[in-house]
Amino acid sequence: KLSFEKISTDAATPIYNYLSDSGFDLHTTENIQILPLGRYLAPTGLKFDIPMGYEMQIRTKSGLASNMGLIVLNSPGTIDSGYTGEVKVILYNSSQSLIKLEKGQKIAQACICPVMTGLSVELTQVDKIEEKERASNGFGSTGN
């Protein structure tokens, strides 16, 4: 169960379009203009009661990314279960054109995901982390 509150009369009711969808769409409550390579903090007019042990991940919609170059800047954005304020989305215009969004337009998708929290993780300092198979092989180490 995921409870939500509309704090704006312009907020769209969140729904799963298909029962097999992992996420539901978020819509803006404002008319927005984002300059090329610009960013905007877009309101959704929604608050959520996210259960303990879960987070809401805010992700880019593939159609907006491919058709307009509009992405969620910190994708996936994290909404922790303890946060009960309005969900807002950091949008980034990666294109060379002005992007105009109308009030009520889809801007991102939200997924509810299980996570480990400070209640279940004990952070422990050690003198040395034991090496594993991959060691410090990072970016590009498994091929392109």
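Predicted model: local features only at pLDDT ≥ 70, side-chain atom pairs only at ≥ 80, totals over all residues.
The model contains an open sheet of four strands, which pair in the antiparallel sense in the order β2-β11-β6-β8. The edges are formed by β2 (23–27) and β8 (77–80); each has a single partner strand, so one side of each is left without a neighbour in the sheet. From one strand to the next, the twist averages 30°. Four bridges connect β6 and β8, which run antiparallel to each other. In this part of the sheet, M56 is found opposite I79 of β8.

Three salt bridges are counted in the model. One of them joins the side chains of K103 and D10, with an N to O distance of 3.5 Å. K103 belongs to the loop between β10 (99–101) and β11, and D10 to the loop between β1 (3–6) and β2, so this pair ties together parts that are 93 residues apart in sequence. Both ends of this salt bridge can also be described by their accessibility. K103 has a relative accessible area of 43% and is partly exposed. D10, at 34%, is likewise partly exposed.

D25 takes part in a network of salt bridges with K61 and K106. In the salt bridge between D25 and K61, the closest N and O atoms are 2.8 Å apart. Because D25 is in strand β2 and K61 is in the loop between β6 and α1, the pair ties together parts that are 36 residues apart in sequence. The corresponding distance between the closest N and O atoms of D25 and K106 is 3.1 Å. Here the link runs from strand β2, which holds D25, to strand β11, which holds K106, so parts that are 81 residues apart in sequence are tied together.

T60 is located in the loop between β6 (54–59) and α1 (62–68). Its relative accessibility is 19%, and T60 therefore counts as buried, the cut-off for this class being under 20%. When neighbours within four places in sequence are left aside, the contacts of T60 are A65, L70, I71, V72, S75 and Q109.

S75, one of the contacts of T60, is joined to P76 by a cis peptide bond with an omega of about -5°. P76 is situated in the loop between β7 (70–72) and β8. As a general rule, most peptide bonds are trans, and most residues other than glycine have a negative phi.

Positive phi values occur at L37 and A135, among other features of the backbone. L37, which is not a glycine, has a phi of about 60°. The position of L37 is in the loop between β3 (32–34) and β4 (39–43), and with a relative accessible area of 46% this residue is partly exposed. For A135, also a residue other than glycine, phi is near 60°. A135 falls in the segment after β11 (106–114). The relative accessible area of A135 is 47%, which places this residue in the partly exposed class.

Conventions: Residues numbered from 1 in each chain as written. Heavy atoms only, no water. Helix = DSSP H or I, 4+ residues; strand = E, 2+ residues; numbered from the N terminus. Buried < 20%, exposed > 50% of the residue type's maximum accessible area, 1.4 Å probe, protein only. Contact = heavy atoms within 4.5 Å. Pairing = 2+ DSSP bridges. Axes fitted to C-alpha atoms, helices over the stretch in contact; angles between N-to-C directions. Salt bridge = Lys/Arg side-chain N within 4 Å of Asp/Glu carboxyl O.
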